[in-house]
Amino acid sequence: MLNVKLLCAADIHLGRQPSRLPEALPMQPSDLGPAAAWWRLVEAAVDEGVDAVLIAGDVVDREDDFFEAYADLRDGVARLAEAGIEVVAVAGNHDTRVLPRLADALADGPGSFTLLGRDGVWEGMSLGGAGGERVEVVGWSFPKPTTTTDPLASGPPARAGGGVRPVARIGLLHCDRDQTGSAYAPVRSSELDAAPVDAWLLGHVHRPDIAAGDRPIGYLGSLVGTDPGEPGAHGAWLLEVDADGRLSLALVPLAPLRWESRSVALDGLEEGAEVAVRIAEALDALDREIDGDAVRPLAVGCRLRLTGRTRHRAGVSEALRRDDPTASQPSLRRGTSYFIDTVTMDASPEYDLDALATERSPAGALAQRLRLLDGLGDPDERRALVERARRRLAEVVAGAPLAAADSVPPDEERTVALLRRAGYEALDSLLAQRGEGS
Amino acid sequence: MKLVSLRVHRLPGIDGGFECRSLSPGVNVVVGPNASGKSSVLRAIRALLYEEELKGQGVIVEGVFEDGAGRLAAERVADRLTWHRDGKATQPPALPGRHLLDCYVLGLEDLTAAQDVDRPIVEALRKSLAGGYDVQQVLDRAPYRLKATHGRPEARRLQDAEQQLRQVQNSRDELRRKEEQIRHWRIQEQAAEAAQRDADAHGLALALLHARRKVRALEEALAGFPTGMDRLTGDEDRRLERLQDAEQTRLGELAEARRKAADAEGELAASGLADSALRQADLDERAALVRELRGWEEEAAKHRETAAAARAARDRAWAALQTPPGPEAAAGAARRADPDGPGPQLDAPGPRLDAPGPRLDPATLHAVEAGLDERRAARARVQAYEQELASLPEAEGGGGAAADPARLRAGRDALVAFLTAAAPVGPARIGGAALALAATAAALVLLARAGTGWPPLAAIGGAALIGLGLSRLAGRGRRERAAAREAYRRSGLEPLARWTADVVRDDLTSVEEALSTAELLARRLERRSEVERLLNAERDRLAVVEERLEAEARRVGFDPRHLDAGFHQWLRLLDEAQRSGGELAAARARLAPLEAAIGPRREALAAFLADHGEPPEDAATGAAALEARLAALQRRLTQRIEASRDLASARRDEKRAVGDLEQARSDIAALLRDAGVLPDGSAGAGSAEAPEQAAGAAEAALGDVGAADEAAIRAAALLLRQRLELRDAFRARKREHDDAVTEARLRAQDLGDRPELIAAAEAEEEEAIESRRGELEKQAAEGRGFTERIAETRGLIQEAERQRSYERALAERQQVAKALQDRVEEALYAEAGRLLLSDAERAYRRESEPPALAHASEWLRRFTHGQFEIHFDGRGEGYAAFDTAAERVRSLDELSTGTRAQLLLAVRVAFALQAERGGTSLPLFLDEALTTSDASRFREVARSLGALAADGRQLFYLTARGEDARLWQELANADVESSAAAAGDASGAPAPAEVAIVDMARLRALDAAVDEAEALEPVTDPPIPPPDGMEAGAYAVALGVPGIDPWAPAGSCHLFHLLRDDLALLHRLLQAGVRRLGPLRSFLASEAASTLLSDPERATLRRRAESVTAYLSAWRIGRGRPVDRAALDASGVLTDKMLERVAALADEVGGDGGALVEGLDNKRVANFQSAKRQELREWLSERGHLDDRPQLTRSELARTVFEALSRTPSAQAEKEPEATLEEATQLAAWLDAGVNAAHHSRTSLSESSSNPSFW
């Protein structure tokens, strides 16, 4: 008997394009976005010969995207239908309008698309494998874009008794796990654990946390990370159910775009300009890691954090300003374009901040404030400094023309981080005036 | 050091002298009108202190000072300044440098702007504060310095992107609405389609009706045409013409065939062979015989030529053979072949040699040639040997011994042996040997004596041995020479005269020469013998060859005696004669049978030609002539054959022409009959005869066509043409008719399911059908729009799916927003860096600033009630003022005159005090320095200066204003009260400074003396009313509290707005001169705050001060900064004329940027270009006059205040959140009221603060 093969995904967000892409990339943003990833999924499903594609919500990015994302979804479902592959989905908070519409439009068709749990009512269906095995999929869909209702309070239904029992029961749900009061279908982990299903495939949180095991429960993650906040490998998950109901789960990294964060240690740097070499080495190492992926991404965006300890902090900052790696041409490694999104200087200086803070000079006074920010010294002084900075920074984000960005004023933690980074760089510059810390 | 008295005796610029006595050690207010001498007091004191002052001006001034050591008198007479203490001259006191004197003398002009005197101060500060770093350089560079336009392009792009997105969204919404309409439109469309179908059916009914009518009309028209018109095909006239042309052509062909037949018959007769049985084969056979005959004749001629040539060759050979030295037989033949006689005849018998016989064969000829060559070679060798032999000497019998080489060789060897034998020892050689022996013996003796160990006897023995060797050598030479002489003798040569070496050597030379000669002769004789041997052999070989040649000559009949004279040539001629004779005989043999066959062949051929009319001239006519005859016969035969063929052809043509003619005529008749113009059975009929009958019939038809038939045919043709002229009209009608019939039939078929419409059409109900169709068409037309809408909408949907403009607009907005966010991050980073660096720098300055600067700053803070602090940046003028209310640094130019004067006063006084540290202190002189200050500020400055005076500093204040004197008096009185009160609580406050009034007018007895009673009456500022149980609103009115300008810095906020719940504290602060938030912050940082306020009060004030700032920042969200004329002017977008109009509109909309832009978009300002509108919109947006963000609600503002209150550190224990929330709510409400009051006052043009109920 053959296994039942299901390709599972969530948070596709068709209609969205990736952000923070450099213009110099050799491909269009649309080649790297959810639509491209969706079509990779479709072709992977066909190539793999899966029995069905399961989607745990947020197929589209905008609930009013009835034409563009809808068209991609419709055409992809049609392609899968041609290959005899069913599509089973639940609606997430983004697609409470689009998915029902698609289901209605295809209602008279061959039945290749099934929207489970419409109007917030649990619903189940059976999927038959090539060998006759039957897997039951239960799901619940968002009835409206926001709901504080806990879907598990009303389901899913208990396992049916008698008749032909399915070998496995898969739960498909878009929800906010362990976020009490969330407007996006809050559920508790304990409820998930207690529910009568063999696996929970969740959507809503874009960072995947599902793990293979006897009973996989977790978020599938977004199909492709559209911004640096979604780092790591993304794609679909191949769930196989054998004749005895045993489950196996594996990530299929289909995302054409991948984001990564890496630390670049600056220890032992001979001069500031050498940072470019360290960065290139970090990208080489990253490429070696990615090399094992079955489907390589077309582009990889990196956020780099400079760490370690160096006496060339000012030189590094100057080198990065002179040859800004975020503005450089993407580098090509085995067909994948690597570009750098941000470079954050978090490397420690080699000077003794405590000793510097005793100096009667502006640099000494600055060092004292950095010590305060590092948690050394009078907490009241630190609090006063931070509050003063928060007020000023709040005015920065509120002032024209930057107010148009609608930015939230930095909170204390971020304010401290900004002060520390900017303060250390300023201290580097001051010390450079007397030939130190260059 | 204080001035006790001053006496001016002489001072330039003032008439007479005067004296000031009883000066106060504290404050001296020198009051007097202009030109009363106030400045003279100052000048006189300067002249007393420094000799450099008023030098060369004849100054005479006396003054008494008091210092710690007692009285000190100064006398200035002209340029000489002397000092006395206790009547004795003394050294001048240690005064500050004269360059700092200006720090002590402060005039109004000095205090209105920084002067040169400030430079040393600035330099001193700069050095002190540099700290080894250039902080400003860091601040002026990236990443801390941002462009003024930072973020502006991105904000503009974001605005554009959002607008684009809204447009796309609107477009998508519209498309979505249309899509939802499709179902409805589809229903309408279907109804319209049904109506259209019904209308179309009615149209068909009308078409049926009209077709039926037309059929009827056309049937009537067709009835008027001749019958049979429908049989015409339209091409009858053309076909008839073609047939008639064919008829004429056939007639011509018939005549031509007949003419050719006659011509052929004539040619047949002319050949003369018309009746002959001669065939071409016969002729071809004879031609072959003639060709064979010609071959024979040609071969016979060739053989004759060959025979003649052979005979000629034979004869030439014979003729040549007759020439000597030929053989005898050849000579006989030559005689018969007379060269002068005729050549030999073919039939004549040939010469003897013609007959077959022994013939020269090639081997013989070759052998003769080889033999001759061999003979020539042998003869040449014989001759050569003979010549050599002649050159060689002949042998002589018994030659002399001397010539015998053997003897000569033996003699030579003997002589050589003699010479080479050991030389005989002669006396000379023996003498030499003896001498050598003696020398050797002597040497040996000497060696012995020298102690070499050799004894003398040994030496003598050695010498003896040498002598013995010499003797043996001489014996052997004699024996060898004797042997040599004997050998020479045995050689038989002539004996020598003497046997000495010289003679022997000479003889040896002779013998060797003779030996050489003898050996040469021997070799030549040996060669002669060899040549003789070879010659004989060669002669033998020649003889053999010649014998062989002679035998061969004899064999072929040649005289051997003439071998050398041409045996070879003779042989060749003979061969030629024999060969040509043979050829002649062969030619004769071949010719004979040919000549035998040629005659009969000629005869036979001549007989054949004669039989057919071509006889040859005679029987010997050759083949060529016979061929000519045969050719003539052939021409005649050919003529007969061709004529016969032409005749047959002509007969066939004639027959075919007859048939074609008949057919043409039959076709004409058939055509006319088919056209209906010739009755059946008339002319031309019956053409279907059998072919074999046709020829005969045709013959008859050629001339026998009846005249009546022809006429009928012509008449029929005419009728045909007439009918053809009607045919087009007939056909048109007919076609119309047929079409109409078809139309009617088709329409009836179309209406198969609508019998009622068929019936209506048949019933001619045209009007009813038409009317109904119109109604239906109208319905269909109305519905057709839905089809177009559906198609259009579907096209738009497809286009939308393809274009993805929504996705792109979203992505663009997202990308631009991210870019702007990056700018925000950069700005935050820059601001964080600036803040931290500036903060550090200020802290360092505070810690490191010179005491003078600290004092100056403190004084300025006190002068201005905390509103200003000194800011020193080490650049430009050096110092400026930090406006605590506006929270920004103001340069001196930006300060009011009074504030600037106070700032400079504070700085200079502070530095004067610094300069004199450790030296002598000087009085301070203020020359109307505070004229521009208001009473309150004057009081503060005066109080500060009074404090200085109380500390022991003497002060001179020069003023023309009596009220200044009053103010000083008032201050002194107040200080007296204060001091008394302080004495009560033992706070240690200094005693107040004494104030003396120096009335210059009175002192100098001038008319305009100050009316002390009037002018010196104390005046005071309006009192600040205490709250005394008033409600907050009423107290605000009493104070004249302004509303809160939310766009002004928070520092300008009146303290009332945050202390409505503690009016007493408010009153206390106001009395301390602290009215607004900015000064409050500065005040809270000063030491004075700790005396005026308790710790909880200071904590509360700090918390509330920060919450006001937070509130105002939050309030501004979503609200554009008001637009006024100044803002519009600053935009630079508007012309002066347009500025007035737009400013008027801005006033009209209350400065609301959004309303202003909307008004401009709505053309409320005429002629304002759209480009300018956009430019102004962007400028307003960039400057914060437009803010698209949603405004915060009251509760959100209260939350902001709550957060600010919560995070501001407090000296108190942490408040309960509920209490803080309550305080925040209350404070937010007060601030709301303050903002509304300002708004109300702006918009209602009334002073809201005058209405207690408003508050």
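This passage describes the interface of chain B and chain A, and then turns to the aromatic pairs. The model is predicted.

The interface brings 64 residues of chain B into contact with 64 residues of chain A. The size of an interface is often given as the accessible area lost when the parts come together. For chain B and chain A, the buried area is about 6,000 Å², and carbon and sulfur atoms give 57% of that area.

Charged and polar groups also meet across this interface. Ten salt bridges are found between chain B and chain A. One of them joins Arg392(A) to Glu831(B), with the closest N and O atoms 2.8 Å apart. Polar contacts between chain B and chain A amount to 26 residue pairs, with both residues at pLDDT 80 or more. On the side of chain B that touches chain A, at least two residues each come from helix 4 (135-139), helix 5 (152-223), helix 19 (766-803), helix 20 (805-848), helix 31 (1095-1116) and helix 35 (1170-1182) of chain B. Helix 20 of chain B gives the most to this side, with 30 residues. By residue class, the side of chain B that touches chain A comprises 28 nonpolar, 15 polar and 21 charged residues.

Attention now moves to the aromatic rings. Over all chains, a search of the whole structure finds ten aromatic pairs. Among them is the pair of Trp259(A) and Phe339(A), which is edge-to-face, at 5.5 Å centre to centre and with 85 degrees between the planes. Trp259(A) lies in strand 14 (residues 257-265) of chain A and Phe339(A) lies in strand 18 (residues 336-345) of chain A, so the pair ties together parts that are 80 residues apart in sequence. Trp259(A) counts as buried because its relative accessible area is 1%, under the cut-off of 20%. Phe339(A) is likewise buried, at 3% relative accessibility.

In chain B, Phe418(B) and Trp499(B) form a tilted pair, 5.2 Å centre to centre with 55 degrees between the planes. Phe418(B) belongs to helix 10 (residues 405-420) of chain B, while Trp499(B) sits in the loop between helix 12 (456-491) and helix 13 (501-556) of chain B, so this pair ties together parts that are 81 residues apart in sequence. Phe418(B) is buried, with a relative accessible area of 5%, whereas Trp499(B) is partly exposed, with a relative accessible area of 22%. Ring pairs also bring in Tyr488(B), linking Phe418(B), Tyr488(B) and Trp499(B) into a cluster.

Terms used:
Residues are numbered from 1 along each chain as its sequence is written. Chains are lettered from A and ligands numbered from 1 in the order in which they are written. This is a predicted model: local features need pLDDT of at least 70, side-chain atom pairs count only at pLDDT 80 or more; totals for chains, interfaces and linings use all residues. Side-chain values use heavy atoms; hydrogens and water are left out. Contact means heavy atoms within 4.5 Å. Buried area is the accessible area (1.4 Å probe) that two parts lose on being put together, summed over both. A salt bridge is a side-chain nitrogen of Lys or Arg within 4 Å of a carboxyl oxygen of Asp or Glu. A polar contact is a pair of N or O atoms within 3.5 Å; within protein, one must be able to donate a hydrogen and the other to accept it, and residues adjacent in sequence count only if both atoms are side-chain atoms. Helices (H or I, at least four residues) and strands (E, at least two) are DSSP runs, numbered from the N terminus. Ala, Val, Leu, Ile, Met, Phe, Trp, Tyr, Cys and Pro count as nonpolar, Asp, Glu, Lys and Arg as charged, and the others, Gly among them, as polar. Rings of Phe, Tyr and Trp (its six-membered ring) pair if their centres lie within 6.5 Å; planes under 30 degrees apart count as stacked, over 60 as edge-to-face and the rest as tilted. Buried means under 20% relative accessible area, exposed over 50%, partly exposed in between (1.4 Å probe, protein chains only).
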